[in-house]
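Thanks for making time. I have one structure to go through today, so let me put it on the screen.

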Amino acid sequence: MNNSDKISWYPGHMKRAMEHLEKRISDVQLFLELRDARVPFSSKNYHFDNLMQAHNKEKIIIFNKFDLCNQDITNKIIEKYKKVGIQCIATSARERLNLRELIMMTNTYKSAKFATVGMWLMICGMPNVGKSTIINQLRQTTPKLNKRKAIAKSTASPCTTKNVAGIKICDEPLAYLVDTPGVMIPNITEEEQGLKLGLVGCIKDKIVTKERMLDYLVREMNQQQMEKYYKIYGLNERPKTGGQYMLAVRERYNHYNYETTIDFILNGFRIGKLGNITLDSVELLN
Ligand SMILES: Nc1nc2c(ncn2[C@@H]2O[C@H](COP(=O)(O)OP(=O)(O)OP(=O)(O)O)[C@@H](O)[C@H]2O)c(=O)[nH]1
C-alpha cells in the first residue's frame, strides 16, 4: 500500500459517510455496529466511536460472519467486552444465527420516548461486513415481513449497499431501520491492518497487493498451526510463504497464470474454504 492509495481511499468517502451519520444521528435510538468477526478490532472505526460518544448514543457491536472466524476467539472477546459493559453479540447473517437474539437485545434499550413508535436503529459498518445480508435476514425472522422480497442488495464486493429508507425489520418488538445503512470507511494507519481488511474484502484488492495479502495469510495460518488451507488443495507439505503456496496450487490445478491462482486462493479464503481464522489477536484488547 502506498501513500497515494491511502489518500484516495480514505478522506472523501470518510467525510461523506460521517456527514451522513451526523445528519441522521438524532433520529436513531440505537446503532448496530457491524464488524467482521475475522477482524474484530481492525474493522473498528474510531471516528464512529467518537461520534457516538459526542452525541451520547448507544451501540451494540455485532461480530458478523461468525461462521468464518475462530469462534473461541470471538467468544473470549465478547466475554471481555461484556465484563466492561460493552454490549455485543456474534451473528452469522448467512446462517441466520443469533438474529432473533439480536432483536431481543435491541429491545432492552427501548426508552419511554420510543415506547409506541418502536425502536429506530441504524446499521453501520465497513464495506462488505454483511450489512445488506443482515437487513434482509432480519426481515425474514419476522413472519409477516418474510414474504416480501429482499430490500438491500448483497454482493461479495465492497461498497454496494444502497439507500434503504425507514424500513420495518421486526413486528414484535417493533423495530425500524433508519435510512441508509451507514458505511464506515476504514482509516488505515498500518500496513498490517490494510492487509487484514483486504483479505476479508473490506477494501478493494487494488489498494493492497494480492501477493502481499497471500503472503500475510500463509504466515498467519502457519502461526495458528492450520492445515486445512493446503490440504484442501491436495498439497502434502505446509508452504512456508505465499509464493510457495501459490506455485504449488498453480501446478496442481494447471492454472493459466499466477493471477488466476491468487484469485482462486483468495476467493477460497473469503468463503471459508481454507478454514476458520481470526486475524486479530485477542491480546489487542489488553
Ligand atoms: N459466510 C458468511 N458470509 C456472509 C455473512 N454475511 C454476509 N456474507 C456475505 O458477505 C458478502 C457481503 O455482504 P453484504 O451484505 O453485501 O455486505 P455489505 O456490508 O452490505 O457491503 P457494502 O454494500 O459493500 O457495504 C456477501 O457475499 C454475503 O453473502 C455471514 O454471516 N457469513
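Predicted model: local features only at pLDDT ≥ 70, side-chain atom pairs only at ≥ 80, totals over all residues.

Of the 286 residues, 40% are buried. On the contacts: taking pairs at least 6 apart in sequence, 71% of them join residues at least 24 apart.

Now the core. The largest nonpolar core has 68 residues. Which residues have the most contacts inside it? They are Leu121, Met122, Ile123 and Cys124, together with Leu177, Leu214 and Leu217. Helix H8, residues 210-223, gives the most to this core, contributing six residues. The core also draws on both assigned domains, with at least three residues from domain 1 (3-183) and at least three from domain 2 (209-285). As general background, nonpolar side chains in soluble globular proteins tend to be buried together.

Next, a helix pair. Helix H10 covers residues 242-253 and helix H11 covers residues 258-270. Their axes come within 9 Å. At what angle do they cross? Roughly 105°. An angle from 65 to 115 degrees counts as roughly perpendicular, so H10 is roughly perpendicular to H11.

Which residues meet there? From H10, Met246, Val249 and Arg250; from H11, Tyr258, Thr261, Ile262 and Ile265. By class, the residues of this contact divide into five nonpolar, one polar and one charged.

That is the end of my part.

Key
Residues numbered from 1 in each chain as written. Buried ≥ 20, exposed ≤ 12 C-beta atoms within 10 Å, placed from the backbone. Contact = placed C-beta atoms within 7 Å. Core = buried A, V, L, I, M, F, W, Y, C linked by C-beta atoms within 7 Å. Helix = DSSP H or I, 4+ residues; strand = E, 2+ residues; numbered from the N terminus. Domains from an automatic or database assignment. Axes fitted to C-alpha atoms, helices over the stretch in contact; angles between N-to-C directions. Parallel < 35°, antiparallel > 145°, perpendicular 65-115°, else oblique. Nonpolar A, V, L, I, M, F, W, Y, C, P; charged D, E, K, R; others polar.
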